[in-house]
Amino acid sequence: MTAVAAKWTLEEYHRMIESGILDNKRVELIRGEIVEMPPEGEAHASRSVSAGEYLTLLLIEKAQLRPAKPITLPNQSEPDPDIAVVRRIDTEYEDHHPYPENIFWLIEYSESSLVKDLNLKSQVYAEVDIPEYWVVNLKQKELIVFRGPEAGEYTSRVAYTAGQITSLAFPDISISVDRIIRRK
């Protein structure tokens, strides 16, 4: 007999959160499975905060940055990306986390979770048509940009180590790759 993991709906997951069952646990819901998140290392925490501050200044009044906050996806997933760049909506996020149609792009800082972020998470995000997904590989000091979701996969994957980049949502704003990856 093969063991099968129990699957949870978004509603069940939210009830667990409300009841306190998941208090003091770093978890996220991915395709109906509750997955533990590894602890953040110093570089991960420092670089994601610095990048968030930088992007906030660049995107002021154009987008809202949500650092390490949940997003709700229709594929029974509620991940907590390191940075979610989302539409500014007055009070709607008081009633629900951002949905795919609210998201411009997502950023993950990865070291111990690199394989999961490059494979599983990129698929989860592409499945729901999030237009752009960035992964900062802390080991290689590179920014990997996924674009063009199609049939549950991104059609483009490009790595950057320096220079400038623009997001699909804001092509008029130049973003320093060095400021995102914080090369030393």
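The largest pocket of this predicted model is lined by 30 residues. Nearest its centre lie Arg-26, Val-27, Glu-28, Met-37 and Asp-80. The volume of the largest pocket is about 530 Å³. Several secondary-structure elements contribute to the lining of the largest pocket, with at least two residues supplied by each of helix H1 (10-19), strand E1 (27-30), strand E5 and helix H3 (114-127).

Helix H2 spans residues 42-58 and thus comprises 17 residues. From its first C-alpha to its last, H2 reaches 24 Å, close to the 24 Å expected at 1.5 Å a residue. The buried residues of H2 are His-44, Arg-47, Ser-48, Ser-50, Ala-51, Gly-52, Tyr-54 and Leu-55. These buried residues pack against strand E3 (64-67), strand E4 (83-86), E5, E10 and helix H4 (177-181). The C-alpha atom of Gly-41 is separated by 8.5 Å from that of Glu-111, although the two residues are 70 residues apart along the chain.

Aromatic side chains form five pairs in the structure. In one of them, Phe-104 and Phe-170 adopt an edge-to-face arrangement, with 4.9 Å from centre to centre and 65° between the planes. This pair links distant parts of the chain, since its members are 66 residues apart: Phe-104 belongs to strand E5 (residues 103-110), whereas Phe-170 is found in the loop between strand E9 (164-165) and strand E10 (175-176). Both Phe-104 and Phe-170 are buried. A further pair is formed by Tyr-125 and Tyr-133, whose ring centres are 4.8 Å apart. The planes of Tyr-125 and Tyr-133 stand at 75°, and the pair is therefore edge-to-face, the angle being over 60 degrees. Tyr-125 has a relative accessibility of 0% and so counts as buried; Tyr-133 is likewise buried, with a relative accessible area of 0%. Together with Phe-146 and Tyr-154, Tyr-125 and Tyr-133 form one aromatic cluster.

An aromatic ring also takes part in an arrangement with a charged side chain. Arg-66 lies over the face of Tyr-93, at 5.3 Å from the ring centre.

Gln-76 has a positive phi of about 55°, although Gln-76 is not a glycine. Gln-76 is placed in the loop between E3 and E4. With a relative accessibility of 28%, Gln-76 counts as partly exposed, because the value lies between 20% and 50%. Ala-151, which is not a glycine either, has a positive phi of about 50°. The position of Ala-151 is in the loop between strand E7 (142-150) and strand E8 (153-160). The relative accessible area of Ala-151 is 84%, which is over 50%, and Ala-151 is therefore exposed.

Key
Residues are numbered from 1 along each chain as its sequence is written. This is a predicted model: local features need pLDDT of at least 70, side-chain atom pairs count only at pLDDT 80 or more; totals for chains, interfaces and linings use all residues. Side-chain values use heavy atoms; hydrogens and water are left out. Rings of Phe, Tyr and Trp (its six-membered ring) pair if their centres lie within 6.5 Å; planes under 30 degrees apart count as stacked, over 60 as edge-to-face and the rest as tilted. Helices (H or I, at least four residues) and strands (E, at least two) are DSSP runs, numbered from the N terminus. Buried means under 20% relative accessible area, exposed over 50%, partly exposed in between (1.4 Å probe, protein chains only). A charge sits over a ring if NZ of Lys or CZ of Arg is within 6 Å of the ring centre and within 35 degrees of the ring normal. The expected span of a helix is 1.5 Å times one less than its number of residues. Contact means heavy atoms within 4.5 Å. On a 1 Å grid over the protein atoms alone, a cavity is a set of points where a 1.4 Å probe fits but cannot get out, and a pocket is an open set with protein on both sides within 12 Å along at least five of seven lines; lining residues have an atom within 4 Å of a point. Grid points are joined across faces, edges and corners, and a volume is the space filled by probe spheres set on the points.
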